[in-house]
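Please keep the structure in view while reading.

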Amino acid sequence: MIDKSLPYIGVLMTKSDIGTYPHFDLPKGFSFSFYQAGYEDAWAELMFGVDQTDTLQEAKDIFRSEFLSRPELLQTHCLFVLDQHNRVAATGSIWPGDHFGRELLRIHWVACAPEHQGKGIVKALMTKLMGIVNALKYQDLLYLTSQTWSYKALGLYARFGFLPYMDENQAEAAWALIDKKLSEYTS
């Protein structure tokens, strides 16, 4: 869950050793699925439900502009975790981005429904996403964007070998705040 009591500062993390990451399995009763028609509504509901957007319509608009603009990637790069009732429990994608002045792949829009958080689902999702990156034989810099509000997720990404990118405006202040919150959270 995000923590909006913190000031919002956007951050980047990068990973160059694509083949090195921990491996976690999904808990019993959960399964992976790539995008299928109709999942865009579940995606929007999930993002709105975890406070990643202010409105459900904003989430729908984000899916339309970010994902439906590259339909050729949806069935191989946009991943969902389904619960035992085939409802979307989590999502994450490998998606092109251009934060470094050229198109690179990134981990994009990772979220887990509140009722399924703490079960190891996002760890398994990250394992699967990293497997997809490796299956693509991608050898360039992998990155992700996030914010101070998501410091718990940033701690998880660090476990997967992502490092803070420090050439951003306010990056040092943001990472000092994130490190402080992570030390409080894990102690």
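This is a predicted model: local features need pLDDT of at least 70, side-chain atom pairs count only at pLDDT 80 or more; totals for chains, interfaces and linings use all residues.

Helix α5 has Y151, L154, L156 and Y157 as its buried residues. These buried residues pack against β1 (10–15), β5, α4, β6 (142–147) and α6.

**Helix α5 against helix α6**

- The axes of α5 (residues 151–159) and α6 approach within 9 Å and cross at roughly 90°.
- Because angles of 65 to 115 degrees count as roughly perpendicular, α5 is classed as roughly perpendicular to α6.
- On the α5 side the contact is made by Y151, K152, L154 and G155, and on the α6 side by W175, I178, K181, L182 and Y185.
- By residue class, this contact of α5 with α6 comprises six nonpolar, one polar and two charged residues.

**Residue L182 of helix α6**

- L182 belongs to helix α6, which covers residues 171–186.
- Its relative accessible area is 18%; because buried means under 20%, L182 is counted as buried.
- When neighbours within four places in sequence are set aside, L182 is in contact with Y151, K152 and G155.
- L182 and K4 are 178 residues apart along the chain, and their C-alpha atoms are separated by 15 Å.

**Helix α4 against helix α5**

- The axes of α4 and α5 come within 11 Å of each other and cross at roughly 45°.
- That angle makes α4 oblique to α5.
- The crossing of α4 and α5 is right-handed.
- In this contact V122, K123 and M126 of α4 meet L156, Y157 and R159 of α5.
- The residues of the contact of α4 with α5 comprise four nonpolar, no polar and two charged.

**Helix α4 itself**

- Helix α4 has 15 residues (residues 121–135), which at 1.5 Å a residue should span 21 Å.
- The end C-alpha atoms of α4 are 21 Å apart, in agreement with that expectation.
- The buried residues of α4 include I121, V122, A124, L125 and M126, and also among them are T127, L129, M130, I132 and V133.

- H116 is placed in the loop between β5 (104–112) and α4.
- The relative accessibility of H116 is 8%; because the limit for a buried residue is under 20%, H116 counts as buried.
- Apart from its neighbours within four places in sequence, H116 is in contact with F30, D83, A89 and I121.

**Residues with a positive phi**

- As background, most residues other than glycine have a negative phi.
- D51 is not a glycine, yet it has a positive phi of about 65°.
- D51 is found in the loop between α1 (39–49) and α2 (56–67), and with a relative accessible area of 37% it is partly exposed.
- W109, which is not a glycine, has a positive phi of about 50°, and its place is in strand β5.

Conventions. Residues are numbered from 1 along each chain as its sequence is written. Side-chain values use heavy atoms; hydrogens and water are left out. Helices (H or I, at least four residues) and strands (E, at least two) are DSSP runs, numbered from the N terminus. The expected span of a helix is 1.5 Å times one less than its number of residues. Buried means under 20% relative accessible area, exposed over 50%, partly exposed in between (1.4 Å probe, protein chains only). Contact means heavy atoms within 4.5 Å. Axes are lines fitted to C-alpha atoms, for helices over the stretch in contact, and angles run from 0 to 180 degrees between N-to-C directions. Angles under 35 degrees count as roughly parallel, over 145 as roughly antiparallel, 65 to 115 as roughly perpendicular and the rest as oblique. Ala, Val, Leu, Ile, Met, Phe, Trp, Tyr, Cys and Pro count as nonpolar, Asp, Glu, Lys and Arg as charged, and the others, Gly among them, as polar. A crossing is left-handed if the near helix is turned anticlockwise from the far one by less than a right angle, and right-handed if clockwise.
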